[in-house]
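Here is a short walk through one model. Keep the structure in view as you read.

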Amino acid sequence: MSLEQISSNKSFDGQLIKYKFKSAALGGLYAQFNLFLPANALAGTKVPLLTYLSGLTCTEDNAAQKGNFLGPAAKEGIAILFPDTSPRGAGIEGETDSWDFGVGAGFYVNATNPKWAKHYNMLTHVTLELPQVIEAAELPVDLTRQSIFGHSMGGHGALTLYLSSVLSGVKQYRSCSAFAPIANPINCPWGQKAFNGYLQGGIEEAKEKYDATELIKKLGKEPVHVLVDYGTADNFYKNGQLLPENFLKAARDAGYDEVQVRVRSQDGYDHSYYFMSTFGADHVHFHANFLKA
């Protein structure tokens, strides 16, 4: 799992570094990721890690370049990890046929359908493999202080990986936030397509493992720290792909108040990076409250 550095760009007195390595979780394919290291990390201080999960069709580059996260992270002294959204180059029949399934659309699950199971293991890649690679490379990151956030499909990933971690008792992440997440994917077309493809058990398997609205019902009031933003002019929200109200209702029914689970509707904002970059600093500062505690 040795890392190869591809590029490095100075930003806000830190460095955004692109790496690649051969990924066991992704079936031996090469995987790329970006890691932003703030100035204090470059000076030798181990810093907290905030992992960002991107949405459909994105790579490790989109949010690093357009999300407005690096400046706030530099100010807070936090590293940000930007993984890719799926394996690349598996050559599986049908994996490039549509934009919302296959390449660029891994949905942060571990596939159990044999056709996809060798390569499409983004859950393991994000939660286990990438931290192991970072640790083995002796990069200046403190893996005892991790949080996670994401957008759209990545918002689904952030919520489910966080809630699953709390539910299991591992508590890998201290906090979670999401921009326009697919919050109840078993009840929306994107999620149904992905789960029926990647998972042998389809929607029923997803209901147990990969749906934030279902997972938060199971926590038994275990403390959580969640922030969600979505835009009222988001066409995907209007078309029923996101369903944040379902997540909010489940959280309130489970006894979580606005301090522990805050869901904000942002008037007039859409699904784009214009929306994300507007609230990017809010999200980084939200996580800093827990990562620097």
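A salt bridge here is a side-chain nitrogen of Lys or Arg within 4 Å of a carboxyl oxygen of Asp or Glu. The model is predicted: local features need pLDDT of at least 70, side-chain atom pairs count only at pLDDT 80 or more, and totals for chains, interfaces and linings use all residues. Residues are numbered from 1 along each chain as its sequence is written, and side-chain values use heavy atoms, without hydrogens and water.

The whole structure holds 13 salt bridges. One of them joins lysine 292 to glutamate 76, with the closest N and O atoms 2.9 Å apart. Lysine 292 sits in the segment after helix H12 (273–291) and glutamate 76 in helix H3 (residues 70–76), so the pair ties together parts 216 residues apart in sequence. Helices (H or I, at least four residues) and strands (E, at least two) are DSSP runs, numbered from the N terminus.

Arginine 264 and aspartate 229 also meet in a salt bridge (2.7 Å, N to O). Arginine 264 is in strand E9 and aspartate 229 in strand E8, 35 residues apart. Buried means under 20% relative accessible area, exposed over 50%, partly exposed in between (1.4 Å probe, protein chains only). Arginine 264 is buried at 18%. Aspartate 229 is buried at 0%.

Now turn to helix H11 (residues 244–253). Its residues Pro244, Phe247, Ala250 and Ala251 are buried. Just after H11, glycine 255 takes a positive phi of about 100°.
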